[in-house]
Amino acid sequence: MMKEKQLFSIRELTVGGLFAALIAAGAFIKITLPTEPVPMHFTLQWFFVLLAGLLLNKRLAGASVGVYLIIGLVGVPVFASGGGPSYLIRPTFGYLLGFAAAAYLMAWLCENCQALTFGKMLAFSVIGLLVYYGIGVFYYFLICRFLIARELTWQILLINCFLSTAAADFALCVAAVGVAAKLRGVVRRTLEY
């Protein structure tokens, strides 16, 4: 009788759960920006998503952010403005979807890089930042335009959905790369990658 291979080891489940919890905790450390039509939040979620993408493999990084999203969508108030399935129609939900895509992509880039230096990790973080914002802004536009029936100019989208928080999120990229550079070897050895 053949033994089935586990999808995730106990260590991976533990670390993935820890990252999901850290992302949730990061939602409560926030600054609310009074943008229209929906307030935006600058949170520390992105810092922990960055760490997941830089420290974990692509499967575990994507799964940890995915677990966080599922927990929020079933009603646990782990998002910056609460939780529940109604969050799907909030314009800012696209940024949360961007977290999952960015974490997976950054982890994939790190896995496929020969010599991972500070500069390369920072470049991967910036790529993740662009993916995160790209999905977020696009979702914001779609919900505002077709669900809320609110006209948005590209200037409002640029200012409210990108420029208001991008510099601070880039600073989080630099900080996360600094932390990841110190922790990467320990985490990889612990998870036996």
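The model is a predicted one, so local features need pLDDT of at least 70 and side-chain atom pairs count only at pLDDT 80 or more, while totals for chains, interfaces and linings use all residues. Residues are numbered from 1 along each chain as its sequence is written, and side-chain values use heavy atoms, with hydrogens and water left out.

Helices come up a lot here, and two packed ones are described by the angle between their axes and the distance between the axes. Helices (H or I, at least four residues) and strands (E, at least two) are DSSP runs, numbered from the N terminus. An axis is a line fitted to C-alpha atoms, for helices over the stretch in contact, and angles run from 0 to 180 degrees between N-to-C directions.

Take helix H5, residues 118–147, and helix H6, residues 154–191: their axes come within 9 Å and cross at roughly 150 degrees. That makes H5 and H6 roughly antiparallel to each other, given that angles over 145 degrees get that label, under 35 counts as roughly parallel, 65 to 115 as roughly perpendicular and the rest as oblique. The contact of H5 with H6 involves 20 nonpolar residues, three polar ones and two charged ones. In this sorting, Ala, Val, Leu, Ile, Met, Phe, Trp, Tyr, Cys and Pro are nonpolar, Asp, Glu, Lys and Arg are charged, and the others, Gly among them, are polar.

H5 also packs against helix H2 (residues 45–55), at an angle of about 125 degrees and with the axes 11 Å apart. H2 and H5 are therefore oblique to each other.

Tyr 140 sits in helix H5. With a relative accessible area of 1%, Tyr 140 is buried; the cut-offs are under 20% for buried, over 50% for exposed and in between for partly exposed, using a 1.4 Å probe and protein chains only. Tyr 140 and Phe 93 are 47 residues apart along the chain, and their C-alpha atoms are separated by 7.7 Å.

Moving to the loops, Thr 35 is found between strand E1 (30–33) and strand E2 (40–43). Thr 35 is buried too, at 9% relative accessible area, and its side chain reaches the backbone nitrogen of Met 40 at 3.2 Å. Val 76 belongs to the loop between helix H3 (58–73) and helix H4 (93–111), and at 37% relative accessibility Val 76 is partly exposed. From the C-alpha atom of Val 76 to that of Ala 24 is 10.0 Å, although 52 residues separate them along the chain.

What about the start of the chain? Leu 7 lies in the segment before helix H1 (10–27) and is exposed, with a relative accessible area of 61%. Leu 7 and Arg 59 are 52 residues apart along the chain, with 9.6 Å between their C-alpha atoms.

Finally, the cysteines. A disulfide is a covalent bond between the sulfur atoms of two cysteines, and here the test is a pair of cysteine sulfur atoms within 2.5 Å. By this rule the count comes to zero disulfides. Cys 113 is in no disulfide, as the nearest cysteine sulfur, that of Cys 110, is 7.2 Å away. Cys 113 is buried, at 16% relative accessibility. Why is the sulfur of Cys 144 too far for a bond? The closest cysteine sulfur, in Cys 161, is 7.0 Å away. Cys 144 is buried as well, at 0% relative accessibility.

Definitions and conventions:
A polar contact is a pair of N or O atoms within 3.5 Å; within protein, one must be able to donate a hydrogen and the other to accept it, and residues adjacent in sequence count only if both atoms are side-chain atoms.
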